[in-house]
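Q: Hi! Could you walk me through a few local features of this one?

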Amino acid sequence: MPPRIAEPSASETTATQELPFVTFPPFPKPPSGVTLIPFKDFRARGIQLFGEVVVGPNEEDMELDGLGIPTVELRVKHLTDECKSNTRKRKRKKKTAAAEGVPTRKVPWYEEWEEGEDLRITKGKFDSNMSHVDRLFHAANDFRVNRTWPPIASGVSQLWDQFRLYVGLLVNPNVYRKPSKDGEADDDDDDDDDGLSNIQINAEDTPGSVPSSKDPARSAYSVELDDHDDDEGTLQARKSDLEEQREEKLIVFLNDPEKSVTIFLSSHMREQGLIWSERNLVNAPHLISFFLNFVLRNRVLPKASHERGIRRALDIVELGKKELPLTYKIGQALPDVFSDGCKECFGRKGGIEWSFDDHQKADDPPAPVDATITVIDQHGAETEIVLPDTEETALKDAIEDNVDMEIQVTNMRTTVPVANANTAAPITTAPPDIWSADTTDTVAGGWGATGDTEGWGSVGSDTWGAIGDGGTWGPADDNDEWGADSAPLSFAPEVTEPSWLSPPPSLTSLLGPTSFPLTHSTGIVESSTRRIKAIHLPPKDKAKIKANAAGMVEDELERRFARVVMSPWGREESDIPKPSIRKTSRGVVVMPDGEVEGNGSGKPHNPYEDDIVLVVEPAVLDTLSLGMGLGGLWVQIVREEVEADNDAPKKSNAKRGNKGKGPLDELSGNYWYLEELMGIFPSYFMSRENAK
């Protein structure tokens, strides 16, 4: 007997009846004043091609349908989207106006992508059993396809490949191929111009093709296989290692997207040399922003922890959009004219420091002595010839073995004859110059010969070009103006100074006639990386003070220039070394161990804790942002007071009294300039070592 079907209870029946359920017909009544056209009476009207539209001169083109109703523009752009009505004639007027002098703005690629970006979704839904790694692979592939990418010259495709290599979504296929012994490339090496951008990515990400040799990331990720790796086991072992490295990168990104993106937009771009191109500094954060938003919008990683991490990574990307382009502008703005003028006034305080140890230790091997041989020429004079060293000989043998030709070692060093040798310093011998020799041993009648035999250019002959009484071309007679010694022939204008040399910077162009070089000098010279802590514009309502010459100079600096408070970076990283004090420094300094070194009065300077105030031109402030780091050589400006008994200046760290202080009195007396700029870092900079 079949089992009895259970009937629904009264509560379930009541809940079902409460649900709204609409059936047609009957259809709802239309609003008042609206007439619906039955489908049998509907006729397609199309687009008006020659309709007259009355619009303003600054309005966009308007497309009308057959009833004269403006059409609605689609959110997603297509290649066929264009105005089909008669108003297209107004576009030609706009182009003519642009050609007459009104520049048209070129829309960047990321602004084009923003239109309709929120409508882009992945192909299909993800299986609940699919791993997070496979989900990320599919999302990266869906993000790349069906999208209009900028031209290859823009570098956006290369940045996308760099990001995929960094995250672990791509492995350079070239690492699995051995170089051909006969030097001929296989057929698989021929790929499209798009390079790695055309590689199809799937869940396996198997290396199916070889990227272009122009790939900038090849040197960093490829492995060269030598002749000893012929066995299949070694190749498979290397392939397995690379797969493990890729999986580790993916795990790092999934566990902490914020840290992974931070490293990519800071230290990784420095390691790969991407920071030296302005377009990379602009394109990289925008590209990563589109991808992370694509992952969030499609819920590729459904866990709440993943979503929070990606949102924090987007905060870093927004900082990168602002600060990465500023790093390029700061490099062009600093050091400014004031810093260059101070460097020209006080001299260079930094530079490369060299140290040599000339004392030879007892256990050091003796210095190598050049091997020489003694030869005797036809006149019986003995000459020592220094033989080429081992490296030169090995290079000569290697070239002869591979090029199949004989190589001679030229510029062989010789010494003076042994019998007349007064010094051991080697000299260089060269063959006689037969083109412009000035000796009697030159070939008779040669070009430029000065012997007795008459020839072209010979002396004392009546031939063409002769230098004598009978010569008619270019005579040396003072009475002849053309070719005379008093008027040398010259086809180039006389230049006293190279045109590319610019005048050295001077403080006079900024301060005018000033006693600044007499009242102030340099103090502490510090090499370090510091973070922008505060930015202060010149005060507008600051009254002039009555003080000594040094006080008047400092007051002029505060009223003319802006001041940037720089705090210590706080940690030592890959490209950020610990602070150091140069030997040209003058003043008291607190060393890392807490000891105080140096001579002078005033508070000792601690490069690990104290802030400094950088004096810059106000125009430089447009390129600075709070939190960014600047690495360079910082030079302190201190007063020089003159004693009554002695005219020699004496350094003083004294500050002005309370009477003359302005609104930024806490910064008075603390003045520094930047001699050399050696590094620019965003506020979120993080190295791999620090991340671990």
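Predicted model: local features only at pLDDT ≥ 70, side-chain atom pairs only at ≥ 80, totals over all residues.

Q: Good. Glu243 and Arg246: are they buried or exposed?
A: Both Glu243 and Arg246 are buried. Their side chains meet in a salt bridge, 2.9 Å from N to O.

Q: And how far apart are Glu243 and Arg246 in helix H7?
A: They sit 3 residues apart in helix H7 (residues 232–255), so about one helical turn separates Glu243 and Arg246.

Q: How many salt bridges are there by this rule?
A: The count comes to 23. Among them is the pair Lys321 and Glu318, with the closest N and O atoms 3.2 Å apart. Lys321 and Glu318 are 3 residues apart in helix H10, again about one helical turn. Lys321 is partly exposed at 24% relative accessibility, and Glu318 is partly exposed at 43%.

Q: What about Glu556 and Arg560, which side chains meet there?
A: The side chains of Glu556 and Arg560 form a salt bridge at 2.3 Å, N to O. Both residues lie in helix H15, 4 residues apart, about one turn of the helix. Glu556 counts as partly exposed at 22%, as does Arg560 at 41%. There is also a network: salt bridges that share partners join Glu117, Arg120, Arg147 and Arg297.

Q: Switching to backbone: which residues does a cis peptide bond join?
A: Leu334 and Pro335, with omega about -10 degrees. Pro335 is in the loop between helix H10 (304–333) and helix H11 (337–346). Most peptide bonds are trans.

Q: What is the phi of Asn146?
A: About 55 degrees, a positive value although Asn146 is not a glycine. Asn146 is in the loop between helix H4 (132–144) and helix H5 (156–167), and at 61% relative accessibility it counts as exposed. Arg299 also has a positive phi, near 50 degrees, and is found in the loop between helix H9 (278–297) and H10.

Q: Where is Pro539?
A: In the loop between strand S5 (520–536) and helix H15 (549–560). Pro539 counts as buried because its relative accessibility is 15%. The C-alpha atoms of Pro539 and Glu558 are separated by 7.7 Å, although the two residues are 19 residues apart along the chain.

Q: Last one: which residues make the nonpolar surface patch?
A: Val22, Phe24 and Phe27 make a patch of about 380 Å². Phe24 lies in the loop between helix H1 (10–18) and helix H2 (89–99), and counts as exposed because its relative accessible area is 52%.

Conventions:
Residues numbered from 1 in each chain as written. Heavy atoms only, no water. Helix = DSSP H or I, 4+ residues; strand = E, 2+ residues; numbered from the N terminus. Buried < 20%, exposed > 50% of the residue type's maximum accessible area, 1.4 Å probe, protein only. Patch = residues over 30% accessible without salt bridge, like charges linked within 9 Å, V, L, I, M, F, W, Y side chains within 5 Å. Areas by Shrake-Rupley, 256 points an atom, 1.4 Å probe, with all protein chains shown as cover. Salt bridge = Lys/Arg side-chain N within 4 Å of Asp/Glu carboxyl O.
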